[in-house]
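Let's take a walk through one protein model together. Have a look at the sequence and the fold first, then read on.

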Amino acid sequence: MSGRRVQHLVARGRGFQVRLPIPADVQCLLRRKELRWSVRTRDPKLAARRVLNATLAFHGLCDKLRRMKDLSIDDAREIAQAFYHDLAQSYRSPAPIAEGELDYDAGHQEVMAEEFINGLESQVQSRTFKSGVQSQAMTVAEEHGFQMPPPGSDEFRALCEGIARAQIEHARFTLFRQSNILGKYSPQDELFVPVEMPAARPSVPGLQSIAIEAGLPVKEAVDLYIKAYSSGPRAWKPRTRDEKIRILQIAMKTWGEAITVEQLTSAHVRDVRDVIEALKPRAEADPKYPKRLTAKEGEKRLNPKTSGKYFSYVKSFLIWLDAEGYIDGVPGASVKIAAPKPSLKKPRRPFTQDELNEIFASPLYSGFSSRHRRYLPGKHKAQDGLYWVYLIGLYTGMREGELIQLTRSDLHVDDDVPFFDIRGELDLKTEASERRVPIHPDLFDFGLREWLEARAKKAEKRLFFEIKLGPPGNLTAIASKKLNKYLVQIGVKTGPDLTFHSFRHAFVDAMRSANVPEQRLHEFLGHTDKSVTGGYGQGANLLALGKLMNGVDFGLSEDVKTLLIGNAKN
């Protein structure tokens, strides 16, 4: 980089890196002497601007750390109680289990939970806490604006003990919820037993009795529920939020807006259940006239799996009302939606190795006839979005909707561990979908870096701009037809059991063949780990995931790899 040297900016390879020395008075809080990271650009001017912004943000962070309060033992107790509350609120029901596996799964979970609880209880008794508890304690303390007390101090031990006790209680809570999804749970640890607060005296005589008689209107309760999950770490994704609001509006109109939450009964829950079961597929939810959305006899109805999801939104609202103390007990706890009938369709399957080799030796990669007939053999070749979308689909296991939304800035090829960044502004399926997927070295051999550089010269920011996005809520509507059509044209796809999603299944098979642990596989795929211990920690770091990725063989033959490497050089 020519010209005046920019402070804290260091050239590294073909890119740039920020290096910020940490002031001595906050080194004990950050537990390091220097911060360094890539500015993700090769442009010197852009790098200079980014390092300036990073420096200002860093000084702001240091000021914030200096303002953090000292932690007392009472503060540690309150933090532990809030931590347990957040863990309990974030619980999600596990995925359905095959009938024959119920006993085994329940026993397996119980054994794991007992081992987990015993390990934490031994730490509490000895007052000696492992790094996992200490790291969680530090994170929670900082979130509440406190400095982490010095190791060995009474405050430090009190906080670590509270966090460990919260994790123990949450493990008990999780086991209880796996057998009783709607029942009221009573914590065993006195630290987390709710304290009954006396009612506040009304400022005007008779005001309290009027408020009790009136009750909380359902509409106001729904507004409070939505507000509670509109921001912060528990905030819903925009798509999930819109879905929940539509379904709760239908529930309100079904019950009538005059009703209060205290008046809700099992009959009200059944009424909503019946409306949801009868919804038309892809019907736009009109909250004013919910009955217009229901199918008449003989008309097609909503997929049972989707109607089950919608009904769970109503159940979650009722559980929240009970947890927050607006009602005593969950109405309609035993009301269930009809279980979907076993599908007669063949389940999707992964591509076999022969099928993968057939795809990546097809005219799209070996040479095609013309731009409009890329399934016919010929002399033309082009490394565009269609060429790369199948390769990246296999080598990352990404969902189709995630792939087609990627932008150039989501590929970090110059980092110590190159990765695809599936976060940011992408419209993702679930919160767990946010992740970083390391880039397999084969993709670089096939010319990924050169292709990305060629894409940078285009005006479009989307990586696969040739593949159009569908409407909101159904982004893959156009892409699925286009991508599956090519698989049909080359003779690989002959039935519904093979789709673009089969690349994701093939990715899973390759990972398991390489003995990648299931917990890590969840992280690669963006799945929620439903096990008792899955809710603890932040998962493996990118370096560990990168080492696992590098050891996976995706089954392409040497001839096919030679073809793809040759394409990269031409």
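Which backbone oxygen does the side chain of Thr396 reach? The side chain of Thr396 reaches the backbone oxygen of Ile392, at 2.6 Å. A polar contact here is a pair of N or O atoms within 3.5 Å; within protein, one must be able to donate a hydrogen and the other to accept it, and residues adjacent in sequence count only if both atoms are side-chain atoms.

A word on the background: this is a predicted model, where local features need pLDDT of at least 70, side-chain atom pairs count only at pLDDT 80 or more, and totals for chains, interfaces and linings use all residues. Residues are numbered from 1 along each chain as its sequence is written, and side-chain values use heavy atoms, leaving out hydrogens and water.

Thr396 sits in helix H14. With 0% relative accessibility, Thr396 counts as buried (under 20% relative accessible area, using a 1.4 Å probe and protein chains only). Setting aside neighbours within four places in sequence, Thr396 is in contact (heavy atoms within 4.5 Å) with Phe420, Val437, Phe507 and Phe524.

Now for helix H17: its buried residues are Leu448, Arg449, Trp451, Leu452 and Arg455. They cover an arc of only 160° around the axis, so they are on the same side of H17; the arc is taken from the directions from the helix axis to the C-beta atoms. Here are elements included in what covers them:

| Element | Residues |
|---|---|
| Helix H14 | 385–396 |
| Strand S6 | 411–412 |
| Strand S7 | 419–422 |
| Helix H16 | 441–445 |

Helices (H or I, at least four residues) and strands (E, at least two) are DSSP runs, numbered from the N terminus.

Technical notes:
Buried means under 20% relative accessible area, exposed over 50%, partly exposed in between (1.4 Å probe, protein chains only).
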